[in-house]
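Hi,

Here is the model I promised to pass on.

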Amino acid sequence: MPTPTLRQQLFRVKPVPVYSETPDSGLKRSIGLFPLTMIGVGGTIGTGIFFILSEAVPIAGPAVIVSFIIAGVVAGLSALCYAELAGSVPVSGSSYSYAYSTLGELPAMGVAACLLLEYGVSTAAVAVGWSQYVNQLLLNLFGTQLPEALSYAPEEGGIVNLPAIILIMLCALLLIRGAAQSAITNTVMVVIKIAVLGFFVAVGFTGWNADHFADFAPFGFAGVMTGAGIIFFSFVGLDAVATAGDEAKNPRRNLPIALISALVIVASVYVLVALAGLGAQKAEDFDGQSAGLSAILEEIVGAQWPGTVVAIGAVISIFSVTLVVLYGQTRILFAMSKDGMAPKVFQQVNPRTMTPVRNTLIVSAVVAVLAGVLPINFLAEMTSIGTLAAFLVVSIAVIVLRRREPNLERSFRVPFYPVIPVLSIIGCLWIIKDLRPVTIFVFIIWTALVLVWYFFTGRKNSVLARELAAAEVGEAIR
Amino acid sequence: MSIVVGVVPGRDPRPPVRLGALMARSYGRRLVLVSIISRPWGSGGSGVDAEYLRYRESETARCLEAAATMVPDGIAVEQLSREAHSPHSGLRRVCREIGAHRLVLGSSEDAPVGRIRLGGVSTGLLHSATLPVALAPRGFDAADSERITRISAAFNGTGTSARLVLGAATVASAAGTQLRIVAFTPRQGRATTGLEAGLGADIEDEIVEQWEAEIQQRTQKLITEISEREPTPTRTEAVIGSGETWDEAVADVAWVPGEVLMIGSRTLGALTRLSLGSRAAKILKNAPVPVVLVPHRAGETYAAAADSAR
């Protein structure tokens, strides 16, 4: 049996499993337009908006509004590409699975490296944001808060971010127990998030001062783009709509509508929140402000209660977001482990709890360390670059696949091909370019490490490789 | 060693008595019908209390008498009434005194017909009993000459659970009946939105598949171990019940008349039950056959029977 060449190894494509029309497919749900839109809104709102302003405004100035729109447009373009890729592979999964089934093993590993950032690191980022609001809440309700040493990462003047670690451990416990977030919980969470943000906007506008917008873009267009890079983080989750595509009713029509509607809703909420915040407070005041949305309201009203309301909302919704993203991370590693692309320990399911306990413990421990010692802006940027890179690969994949397999049946096709994938690629690259060099540097090292790992371990452990070899032996015998 | 059946005046004694008889016949034991008269605190000396107590005594005697008529011929049966501060402490003491093999109780009245719900007495006993407690579903009955046809043993993959399955194998061998190892995979709470967003809906199915593979491997090991012992159950098999909910998962495995289900109730503690409900509690709630709960404190003895059979 001839050993496959390196090229064959790196680009071997996972065949799409053939699903029979057994009663098993009765599990398939059909999601209508409105719930599909809500998945997008629910998955997206809440990731970053509660704390991203204090990171992005000092960089972009009031022009952060433009950053929001740019980030939103790029996220939307990529999400459309994502939808086409999801629709051309009749398996459901993350972009890792899609890349494996279309581009091959090596690109799939590259995407996986990005996804580990998109999920793992964003869990850490979100948890750090949670810590700010918990402290605010403690202060407002009990007049005391945790000492600085225990609430901030070393770079931000503390020793360890304890609340963030506690949050991650709590979520890990829930996941080990087999926590399930039902459709109802999801809806309740969406309502809480939107209600809290709506409350912020309503109160925030009472403190409107147009003078705050006088120096609209103090740092020019570069500032706006760097801001967009950080903000991109808060659009993570929009791709959820695309992966739900194979369960959507009439995806050809509903998928783009749901994506765009979710995008418009989310972007509008973000822009309104940014407008309200900027109208209420000078751009310079955002720098280093923790539990930003609470602090702004307290400033306007001169009383604690609006800040408390926002803090409660933030604590609840960030908790649910952390749970969702941590969950996602464990499941991606599970899928990779099943393919032989991650250590076997990630696919062990504990018989008693019926959950991947070790997987969850390892992931939470790593994420907890990240959340405990790294500053939020770095975590947010790492998430952004990971997501952008994953989107970049997805957009390229759409073009590659259209050329390589033009006749493949796709449940959804990107409109105005090739304009949209190309714009998406340009947009992703453009935002990445303006991220801080340290972010790009760490990202490259990280991806390289993952690929080195693949080269020496994953490539040999590949379950697909064994299956292909077995199939070949079968052919030979026949 | 005998099968103790707890009967309560005012409650239909038929289900626990018929289940007790079924077990007595299958295990070759005698049946002891026990009714506990709750003694008022401070052992009242006043006339009113004494009169009430006499009324209770006569009620209890009538109830035991009625229960005795439900025992089919050919089974040695005894009646016993005791005074105690609470029914469950009384039953516990009687069981200890006569060295009971099993304690049989009826289901709470709010159970749907054919299902089991724990009542006050059974809940109390679960925490303190040192012997397996059999629970008859509401409205349960068995034919006069029926024997236990199959013992199903719930298995959750843990070592404790495996030991209890081996215990059940010993019981099944001794009774000359079949053994079935059952595991349940409810896919309950499979997120429809939210959690799995961005990952595809199939990921939880894969987790369940992985779990099933793991369980199958462990059950296979158990089956081999059981087959190497003497005597063996008349037949040993394993089955996994799956479904969207616990209800469906339990209904997914076929149940035959004369079957009993053994569940280890290590995690059936008050806290678990009050908060989220343990697996054992969920299986118990949906089981359509009599359930033998092996409380934590009885587990060692139950499993030790397997060791001595080796």
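Before you dig in, keep in mind that this is a predicted model. I've sorted my notes by topic, so skip around as you like.

Let's start with α4 of chain A, which runs over residues 64-88. That's 25 residues, and the distance from the first C-alpha to the last is 36 Å, close to the 36 Å you'd expect at 1.5 Å a residue. Of those 25 residues, 22 are buried, so α4(A) is largely enclosed by the rest of the structure.

Then there's α9 of chain A, residues 220-231. Its twelve residues should span 16 Å at 1.5 Å a residue, and the end C-alpha atoms sit 17 Å apart, which agrees. Nine of the twelve are buried, so α9(A) is also largely enclosed by the rest of the structure. Which ones are they? The buried residues in α9(A) are Gly223(A), Val224(A), Met225(A), Thr226(A), Gly227(A), Ala228(A), Gly229(A), Ile230(A) and Ile231(A).

One more buried spot in chain A: Ala371(A) belongs to helix α14, residues 357-373, and Ala371(A) counts as buried because its relative accessible area is 0%.

**Salt bridges**

Over all chains, I get 19 salt bridges. Here are some to look at.

In chain A, the side chains of Glu84(A) and Arg402(A) pair up in a salt bridge at 2.7 Å, N to O. This pair links distant parts of the chain, with Glu84(A) in helix α4 and Arg402(A) in helix α15 (residues 376-404), 318 residues apart. Are the two partners buried or exposed? Glu84(A) is buried at 1% relative accessibility, and Arg402(A) is buried too, at 14%.

Over in chain B, Arg82(B) and Glu97(B) make a salt bridge whose closest N and O atoms are 2.7 Å apart. Arg82(B) comes from strand β3 (residues 77-84) and Glu97(B) from helix α3 (residues 87-97), and the two are 15 residues apart. Both ends are partly exposed: Arg82(B) has a relative accessible area of 25%, and Glu97(B) has 46%.

Chain B also has a salt bridge between Arg150(B) and Glu237(B), with the closest N and O atoms 3.1 Å apart. Arg150(B) is in strand β6 (residues 150-154) and Glu237(B) in strand β8 (residues 236-243), so the pair ties together parts that are 87 residues apart in sequence. Arg150(B) counts as buried, at 8% relative accessibility.

**The loop between α15 and α16 of chain A**

This one is worth a look if you care about backbone geometry. The peptide bond from Tyr417(A) to Pro418(A) is cis, with omega near 0 degrees, and Pro418(A) sits in the loop between α15 and α16 (419-433). Phe416(A) lies in the loop between α15 and α16 as well. Phe416(A) has phi near 55 degrees, a positive value in a residue other than glycine. The Phe416(A) residue is exposed, at 64% relative accessibility.

**Surface patches**

Phe416(A) turns up again in a nonpolar surface patch, together with Val419(A), Val422(A), Leu423(A) and Ile426(A). Their accessible area comes to about 470 Å² together. Val419(A) is placed in helix α16 and is partly exposed, with a relative accessible area of 46%.

Glu284(A) is located in the loop between α11 (251-280) and α12 (292-301) of chain A, and Glu284(A) is exposed, with a relative accessible area of 59%.

That's the lot from my side.

Cheers

Conventions:
Residues numbered from 1 in each chain as written. Chains lettered and ligands numbered in written order. Predicted model: local features only at pLDDT ≥ 70, side-chain atom pairs only at ≥ 80, totals over all residues. Heavy atoms only, no water. Helix = DSSP H or I, 4+ residues; strand = E, 2+ residues; numbered from the N terminus. Buried < 20%, exposed > 50% of the residue type's maximum accessible area, 1.4 Å probe, protein only. Expected span 1.5 Å × (residues − 1). Salt bridge = Lys/Arg side-chain N within 4 Å of Asp/Glu carboxyl O. Patch = residues over 30% accessible without salt bridge, like charges linked within 9 Å, V, L, I, M, F, W, Y side chains within 5 Å. Areas by Shrake-Rupley, 256 points an atom, 1.4 Å probe, with all protein chains shown as cover.
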